[in-house]
Amino acid sequence: MSLLATQALHITIGSTTVCSDLEITINSGERWCVLGRNGTGKTTLLHTLAGLRPADAGDITLNDQPLSRLARKLVAQHLGLLFQDHADAFPATVLETVLTGRHPWLGPLQWESSQDLAIARNTLHAVNMCDMEDRMVNTLSGGERRRVGIACLLAQQTPLLLLDEPTNHLDIHHQISMLNLLQEHGTQNDKALLLVMHDLNLAVRYCNRFLLLFGDGKTLQGTAEAVLTQANLERLYQHPLLAVPGPQGMVWLPR
Amino acid sequence: MRTTVLFSTLLLLTVASLLFSLASGSVAVSWQELLAIFTHVDSGNGLAEQVVMELRWPRAAAAFTTGALLALAGGLMQVLLRNPLADPYVLGVSGGAATGALLAMLAGLGSLWLHSAAFSGALLSMLLVFGLSHGSGSWTTSRLLLTGIVIAAGWGAAIGLLLALSPEQGLRGMLFWLMGDLSNTPFPSGSLPVLLVGLLAAVAIGRALNILAHGERTAGALGINVRALRRFIYLLASLLTATAVTLAGSIGFIGLIVPHMLRLLGLRDHRLLLPAAVLLGGSLLVVADTLARTLLAPRQLPVGILTALIGVPVFLMLLHHSRNLYGEER
């Protein structure tokens with residue numbers, strides 16, 4: 001059974017066609033990466049797959065059920081989304097922010113239990129932020145705030161995780177440790193991940209399925225061997241690339 | 001633990017403010033007499049009993065209810081607009097109520113008509129903003145805020161016009177109403193249930209409010225039906241405000257600062273913050289109203305002046321001492 005699938009999905013934003021007739025099936029254990037130039041609609045695609053905006057045409061199914069007919073709360077139990085950025089208008093501590101990830105699992109009048117608290121603390125530990133649980137999120141650095149966002153997503157405990165540029169604001173060390181964490185988390189718990197990334201080489205290193213958005217509605221999908229060819233990537237980024245053999249396969253450099 | 005201390009303090013403050021209000025005024029009433037009156041023992045002071053039960057108690061209850069309604073509405077409005085500067089009046093509810101009330105005064109109608117006119121004006125404004133801010137597109141925060149501010153400005157012009165047209169002997173009453181006035185207010189038998197139901201509804205959606213404070217997108221991704229929730233908050237906050245304004249005119253400041261004082265004190269969970277706002281807003285207005293009728297006795301001041309006089313320094317002091325909450329950006 002597929003976690004998430006689309007049939008003849010058509011999405012436009014303004015005058016840009018993000019995809020037309022997109023058929024994609026995401027299964028547990030897969031780590032997808034969406035690649036494309038700025039403004040080709042990667043974020044829009046993610047938000048559409050999460051049911052936060054309607055598609056122009058086509059169907060999206062979550063566990064073989066139409067996404068648009070599912071209750072929002074049920075959707076949030078199956079699918080979590082990390083936004084590209086965070087907007088904090090009101091003061092909140094790190095722990096309080098991570099606890100919001102437990103919302104879909106609680107009844108209307110239920111308070112967060114000690115178990116929810118334990119889950120939140122575990123995910124904070126996983127992103128290496130456990131000594132900061134009482135800090136106010138608006139006093140954190142960009143990278144720390146990003147890790148809190150990832151902890152919140154992990155606390156949501158969904159089988160499918162959509163992440164919009166998860167390595168935004170992160171230094172090299174934390175980029176690798178977050179991607180390692182997500183990879184481990186995905187493999188151990190049989191989760192499915194869909195990441196939007198701009199670093200081609202990190203994408204190759206951590207993902208096993210790729211979706212290329214060309215910005216004119218055309219898309220390509222498949223494994224690295226099948227779709228990440230020099231011709232496809234140069235067409236995708238409209239920039240000449242150089243493939244250099246690295247320790248773990250090809251490394252792509254912009255010319 | 002901290003929460004228990006805070007709520008105990010707030011409950012004590014509420015009781016103290018009510019006692020202060022009942023004991024203060026031109027007829028001196030001692031604590032013993034107050035106790036006797038409330039335990040239905042013959043106090044031996046018929047005048048005191050009459051003053052307390054027929055004048056001060058209804059007025060103190062009305063002041064508490066009004067302050068509580070405003071603080072609750074303010075807390076809700078701040079989450080709805082995701083703006084710490086929002087107060088219950090920002091979307092024009094009080095302007096509509098004031099226009100209704102002034103029209104009734106100009107027509108020389110009685111107090112029952114005045115209340116109905118004020119409540120109708122508030123409801124009209126609420127529905128007007130609700131309908132217009134929908135338009136054809138989505139119901140965004142900035143669209144709602146702009147529609148509300150423009151409608152409020154329109155009411156402002158209408159109020160100015162009514163004041164200009166009004167005969168001079170009516171002006172004083174109108175100005176008092178505009179600044180918020182609790183004299184001649186009966187026991188709030190209609191508004192108190194509104195407050196209780198409103199508080200229960202607000203606490204019931206409290207966790208969702210906490211999430212919405214993190215942003216609409218985040219709330220949507222965490223399984224909240226943002227559209228329905230925001231409509232509910234809007235209607236709830238507007239109804240609470242309309243009830244408060246009908247009771248006592250436009251008393252400023254309580255709805256803006258009370259939720260913020262509590263946030264500055266470290267209360268962030270709306271399931272606790274909103275009940276705390278009810279207690280603090282209520283007792284603050286009871287104290288302010290008591291001062292308004294005793295400071296320059298026998299002359300009575302509009303209570304709105306007192307709320308600002310107390311609120312401004314207290315709020316500035318709190319803000320000064322907790323810079324790390326609002327001042328520090330990353």
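The exercises below concern a predicted model.

**Exercise 1.** Determine how helices H12(B) and H13(B) are oriented to each other, and describe their contact.

*Solution.* Step 1: H12 of chain B spans residues 254-264 and H13 of chain B residues 270-294; the two pack at an angle of about 125°, with their axes 9 Å apart. Step 2: H12(B) and H13(B) are therefore oblique to each other. Step 3: the crossing of H12(B) past H13(B) is right-handed. Step 4: H12(B) contributes Ile254(B), Val258(B), Pro259(B), Met261(B) and Leu262(B) to the contact, while the residues from H13(B) include Leu273(B), Ala276(B), Gly281(B) and Leu285(B). Step 5: by class, the residues of this contact of H12(B) with H13(B) are 11 nonpolar, 1 polar and no charged.

**Exercise 2.** Classify the orientation of H8(B) relative to H13(B), and state which residues meet.

*Solution.* Step 1: H8 of chain B (residues 191-204) packs with H13(B) at an angle of about 160°, the axes being 8 Å apart. Step 2: H8(B) is therefore roughly antiparallel to H13(B). Step 3: H8(B) passes H13(B) in a right-handed crossing. Step 4: from H8(B), Leu199(B), Ala202(B) and Val203(B) meet Arg271(B), Leu274(B), Pro275(B) and Val278(B) of H13(B). Step 5: the residues in the contact of H8(B) with H13(B) comprise 6 nonpolar, no polar and 1 charged.

**Exercise 3.** Describe the pairing of strands S9 and S10 of chain A.

*Solution.* Step 1: S9(A), residues 209-213, and S10(A), residues 219-222, pair in the antiparallel sense over 4 bridges. Step 2: Leu212(A) has Leu220(A) in S10(A) as its bridge partner. Step 3: the hairpin has 5 residues between the strands, and Gly215(A) in this hairpin takes a positive phi near 90°.

How values were computed
Residues numbered from 1 in each chain as written. Chains lettered and ligands numbered in written order. Predicted model: local features only at pLDDT ≥ 70, side-chain atom pairs only at ≥ 80, totals over all residues. Axes fitted to C-alpha atoms, helices over the stretch in contact; angles between N-to-C directions. Parallel < 35°, antiparallel > 145°, perpendicular 65-115°, else oblique. Left-handed = near helix turned anticlockwise from the far one by under 90°. Contact = placed C-beta atoms within 7 Å. Nonpolar A, V, L, I, M, F, W, Y, C, P; charged D, E, K, R; others polar. Pairing = 2+ DSSP bridges.
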